[in-house]
Amino acid sequence: MSVLLSARGLRIAFGGLKAADGIDLDVMEGEFLAIIGPNGAGKTTFINMATGYLRPQAGSITYDGQPILGLKPRRIVKAGIARSFQLPQLFTEHTVLENAALAIAARAGPWAPLAPLLQRRFRAEAEELLDRFGLLPLADRRADALNEGARKLADIAMAVALKPRLLLMDEPTSGVASAEKMAVVETLTRVLRDSRVTAVFVEHDMEVVARFADRVAVWGQGKIMALGPPQQILNDPAVLRDVIGVAPVGDGAGTGKEGAHAAT
Amino acid sequence: MSRSTEILLALIGAALVLALAWAVPWLRFVMTIALAKGLAVLGILLLLRAGQVSFGHALYLAFAAYAVAFGASVVPETLVLLPLAALGAALLGLVVGLFVVRYREIFFGMLNLALSMVFYSVLEKFYAITHGTDGIRLPPTTFAGQTLSNEAQGWAMLVLALLLSLGFGALIRAYLASPMGQALAGIKTRETRLEFMGISGRRVLLAAYVLSALMAGCGGAVLAMTTRHVTPALAYWTASGELVFIAILGGAGSVFGPFLGAVAYELTRVYAAALVADAWQMILGLVLLLVILFAPGGLWGMGRALLARRRSA
């Protein structure tokens, strides 16, 4: 396996808070890497830095051997890194189908100037995409009329529509009702494995991590405190104590943000 | 609403305008002015889709009007002056746009306002060139090389304005349904997501901005050749406000809105000014308040709701 994304010596601080204080992290091609750690540790900041939204104060990030720091988010997207958001970023006045089609059109561009967005080509691919995510029955709903689980999936579907090599997901299951959580994870795993996407995801639910991740990185105090396969990391007494708190594996960390909170 | 229904409605609307202008000759002038403003308002609608309000689009209208006024002494040919003036306005829109599309909402609106007022001051102060507030009288222009009578020229301008309105209406309708137009609407709700899909929100807005300047330019050129007199008042902030007013009055939901709004606005203005000379602005203000409070979809939204009710009944 080759290294797809490589971060070296990343440093960034917000006021006195050191979100990253010398982060070295390699993402291997084809793996699912989970990043866990307490709230406010800098996990989302890592995604923001890797997608060009934030510039670290020091360090470097290379993707596929090329430095990407300083590139605009849209250049990084074109290079093959897509992201989804903790709070779904959907076009709320558009339908789910239009959201998906717009993402597909964004990838397929340049656009024929006056051909409608929902022309056959984009519509067919959008429907096929939504079907893979189990969202096809909701295709004609407005994006702001979905429940949290569906919004989360639609948000990730829009990132997958860009056909990235690397997908960065910020808490893909936060806000999803606990009963649906594993179904969402199953769907995601299937879709991402099928499309051979390398995935990095920030997650608070250790059950999801155990089920989904090939490797787990523990982010704390601006450093990678531990890195390894889930069975090793999630049974590491130090990690259990400092990051996961008292919650043992399999606790099924509740519903929504509050539940996720409790799990850390 | 289906495409064929909309084409039918557009043709009925055009026929109504022509019939009105034929039945009441002095309304021909009013209708031409209304359509010219409608073209500029169509540009406002485009920007409204992105959630942005320009309080300075009279800049492009006035720029094209003055371009026609200056150009008419060199080439007094309608079919040369109009495209040149409109392209000039579009070019100005590109230059200004590169700067203003970096801003959103109130900052976008106010910057447009400021720039239009700079142009207004230039027109007013450079008396030696622009004749200040006296403005410039235009010589009669030829139409395809023919010197027309006043009557025929009036009809020619109305038909020209009508063709431009139909053409740009169809163009903007297609534009809004295209990925470009849908991304434009995306600026209003989630511009961040656009960027993370690899689309530059600024460029999408810039394209719409230049297009809006082009249409305002067409409107300004028609206006200048119809009134045959241009003054700095064309660029004054109230003229920009009027365009936004008409956009809200007509409704931003469809390309019909701007033209419906412009015709209603001009007719109200003409009749209200004749009936209550001192209070016509108040009447317009009340109408706008009522529209905002009770018909947020504007006149077009009201009309469509009526049509839908009749169909379901």
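Is A:Ser6 buried or exposed? A:Ser6 is buried, since its relative accessible area is 12%, where buried means under 20% relative accessible area, exposed over 50% and partly exposed in between, with a 1.4 Å probe and protein chains only.

Before going on, a word on the ground rules: this is a predicted model, in which local features need pLDDT of at least 70 and side-chain atom pairs count only at pLDDT 80 or more, while totals for chains, interfaces and linings use all residues. Residues are numbered from 1 along each chain as its sequence is written, chains are lettered from A and ligands numbered from 1 in the order in which they are written, and side-chain values use heavy atoms, with hydrogens and water left out.

**Two residues of chain A**

A:Ser6 sits in strand E1 (residues 3-14) of chain A; strands (E, at least two residues) and helices (H or I, at least four) are DSSP runs numbered from the N terminus. Its side chain makes a polar contact with the side chain of A:Asp26 at 2.8 Å. A polar contact is a pair of N or O atoms within 3.5 Å; within protein, one must be able to donate a hydrogen and the other to accept it, and residues adjacent in sequence count only if both atoms are side-chain atoms. Beyond its neighbours within four places in sequence, A:Ser6 is in contact (heavy atoms within 4.5 Å) with A:Leu25, A:Asp26, A:Ser60, A:Ile61 and A:Thr62.

A:Thr51 lies in the loop between helix H1 (43-50) and strand E4 (58-63) of chain A. A:Thr51 is buried, at 1% relative accessibility, and its side chain reaches the backbone oxygen of A:Asn48 at 3.4 Å. Not counting residues up to four places away in sequence, A:Thr51 touches residues including A:Pro73, A:Leu168 and, from the other chain, B:Phe196.

**Where the chains meet**

The contact takes 33 residues from chain A and 24 residues from chain B. There are 3 salt bridges between the chains, a salt bridge being a side-chain nitrogen of Lys or Arg within 4 Å of a carboxyl oxygen of Asp or Glu. One of these pairs A:Glu93 with B:Lys188 (3.7 Å, N to O). Helix H2 (73-79), helix H3 (96-108) and helix H5 (148-160) of chain A each supply at least two residues of the side that touches chain B.

| Span of chain B | End C-alpha distance | Helix and strand |
|---|---|---|
| residues 33-51 | 27 Å | 89% helix, 0% strand |
| residues 204-224 | 30 Å | 100% helix, 0% strand |
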